[in-house]
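Open the model in your viewer and keep the sequence panel beside it. We will go stop by stop, selecting a few residues each time.

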Amino acid sequence: MFGLPNCKQVTEMSSQLVDHNLTRSQKFKLKLHLFVCDSCRAYIEKMRFTKTTLHNWVSGNRQIPESLAIKLEENFAQEHQKK
Amino acid sequence: MSDPMDKFFSDQQKIIEQLLAGDNQAFKQVTRAWYSPMYYVASSIVGEAIADEVIQEAWTSVMRALPKFEGRSSLKSWVMRIVANEAKTRWRKESRSVSLEQIEESWSTDPRFDGSGHWVSRQSSFHQDSPEALMTAEALQDCIRKHISMLPSNQRQALMLKETESYSLDEICNILEVSSSNVRVLIHRARDKILQMIEHFEKEGSC
Ligand SMILES: [Zn+2]
């Protein structure tokens with residue numbers, strides 16, 4: 001109706017919304033939908049939450065294995081001696 | 001969303017000088033702080049088994065190229081670009097010219113929506129108030145790990161690259177050799193699956 005996205009289309013646009021990649025007019029239409037739709041508002045909130053969770057995961061979940069850390073430092077020292 | 005190490009690395013020029021001077025402590029700090037995103041990028045492209053080797057090669061390249069680093073991007077973005085390139089080169093050598101772009105899975109029927117694209121059942125928010133609180137549950141961490149590994153590889157690659165927040169969409173397209181509309185779809189589908197996994201976990205208390 002009036003070119004407004006339905007719920008399924010809103011969910012498909014949600015990643016771009018949280019990444020700030022929508023055009024002004026896309027964002028406007030999406031916001032109009034959110035104004036009247038609790039379910040999509042909840043979904044968008046969950047999408048934001050998921051994005052942050054994944055970002056935190058990727059940036060800090062994994063610790064460097066000690067063996068690799070040692071190898072890297074050895075290489076670093078060697079590279080430096082060459083100069 | 002700030003990296004805990006962002007403050008430490010705010011004085012980028014100083015770090016670069018320390019690295020060029022052979023400061024072992026500075027090197028230790030950057031390699032540790034950036035290991036996680038480097039690992040997820042490398043492993044999503046070449047697989048877990050050789051991800052660490054790729055990271056090692058990437059740091060060698062970084063140290064050799066550092067004197068020529070022009071500072072047009074942040075040091076971290078530059079390092080992240082080098083690890084993605086190393087991974088891609090390695091991936092090309094190892095695999096027999098299969099494109100990174102794979103056949104699309106079908107997405108037309110999503111049981112969450114009715115025929116006119118409306119939610120079948122009412123959606124509610126997550127119970128946890130913050131992603132940080134959520135991540136204290138170890139079982140959930142295992143579940144996320146499992147679900148990330150179950151994603152189709154092109155979705156996993158796009159998601160991992162995106163969530164490092166080190167690459168622009170254009171860069172992700174170049175690395176993965178997919179169009180920008182496809183990369184958006186891949187990122188969204190991957191996130192949507194993890195979102196549904198968290199929903200399920202909250203409801204059932206198990207993975
Ligand atoms: Zn809706």
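**Stop 1: chain B as a whole**

Select chain B. Among its contacts with a separation of 6 or more, 67% join residues 24 or more positions apart. Keep in mind that this is a predicted model.

Now colour by secondary structure. Chain B has 10 helices and 0 strands. Follow the chain along its sequence and the pattern reads α-α-α-α-α-α-α-α-α-α.

Next, show the surface. Chain B exposes about 10,500 Å², and carbon and sulfur atoms supply 48% of that area. Of its 207 residues, 48% count as buried.

**Stop 2: the zinc ion**

Move to chain A and select the zinc ion. Which residues coordinate the zinc ion? Show the side chains of Cys7(A), His33(A), Cys37(A) and Cys40(A).

Look at the angles. They run from 103 to 113° among the 4 donor atoms, and the site is tetrahedral. Then find the donors in the sequence panel. Their spacing is C-x25-H-x3-C-x2-C. Two of these residues, Cys37(A) and Cys40(A), are buried.

**Stop 3: a nonpolar patch on chain A**

Select Leu4(A), Phe28(A) and Leu32(A). These residues form a nonpolar patch on the surface. Together they have about 270 Å² of accessible area.

Zoom in on Leu32(A). This residue lies in helix H2 of chain A, residues 24–36. Its relative accessible area is 38%, so Leu32(A) counts as partly exposed.

**Stop 4: helix H8 of chain B**

Select residues 153–163 of chain B. This is helix H8, and the helix is mostly covered: 10 of its 11 residues are buried. Among the buried ones are Leu159(B), Met160(B) and Leu161(B).

What do the buried residues of H8(B) pack against? Within chain B, they pack against H3, H7, H9 and H10. They also pack against helix H3 of chain A, residues 38–60.

Glu165(B) sits in the loop between H8 and H9 of chain B. At 40% relative accessibility, this residue is partly exposed.

**Stop 5: Ser43(B) in helix H3**

Select Ser43(B). You will find it in helix H3 of chain B, residues 35–46. Is Ser43(B) buried or exposed? Its relative accessibility is 10%, so Ser43(B) counts as buried. Leave aside its neighbours within four places in sequence, and Ser43(B) is in contact with Glu48(B) and Ala51(B).

**Stop 6: salt bridges**

The whole structure holds 19 salt bridges over all chains. We will visit three.

Begin with Asp38(A) and Arg122(B). Their side chains meet in a salt bridge of 3.4 Å, N to O. The pair crosses between chains, from helix H3 of chain A to the loop between H5 and H6 of chain B. Asp38(A) is partly exposed at 37% relative accessibility, while Arg122(B) is exposed at 64%.

Go next to Glu177(B) and Lys88(B). Their salt bridge spans 2.9 Å, N to O. Glu177(B) is in the loop between H9 and H10 and Lys88(B) is in helix H5, so the pair ties together parts of chain B that are 89 residues apart in sequence. Glu177(B) is partly exposed at 41% relative accessibility. Lys88(B), at 11%, is buried. Check the backbone of Glu177(B) as well: its phi is positive, about 55°, although it is not a glycine.

Finish with Glu163(B) and Arg191(B). Their side chains meet at 2.8 Å, N to O. Glu163(B) belongs to helix H8 and Arg191(B) to helix H10, so this bridge ties together parts of chain B that are 28 residues apart in sequence. Glu163(B) is buried, with a relative accessible area of 1%. Arg191(B) is buried too, at 0%.

Notes
Residues are numbered from 1 along each chain as its sequence is written. Chains are lettered from A and ligands numbered from 1 in the order in which they are written. This is a predicted model: local features need pLDDT of at least 70, side-chain atom pairs count only at pLDDT 80 or more; totals for chains, interfaces and linings use all residues. Side-chain values use heavy atoms; hydrogens and water are left out. Donors are N, O and S atoms within 2.8 Å of the metal (3.2 Å for Na, K and Ca); water is not among the atoms, so sites may look incomplete. Four donors count as tetrahedral if all angles lie between 85 and 135 degrees; four count as square planar and six as octahedral if opposite donors are over 155 degrees apart and all others between 65 and 115; anything else is irregular. Buried means under 20% relative accessible area, exposed over 50%, partly exposed in between (1.4 Å probe, protein chains only). Helices (H or I, at least four residues) and strands (E, at least two) are DSSP runs, numbered from the N terminus. Contact means heavy atoms within 4.5 Å. Patches are made of residues with over 30% relative accessible area and no salt bridge: like charges are joined within 9 Å, nonpolar side chains (Val, Leu, Ile, Met, Phe, Trp, Tyr) within 5 Å. Accessible areas come from the Shrake-Rupley method with a 1.4 Å probe; for residues, only the protein chains shown count as cover. A salt bridge is a side-chain nitrogen of Lys or Arg within 4 Å of a carboxyl oxygen of Asp or Glu.
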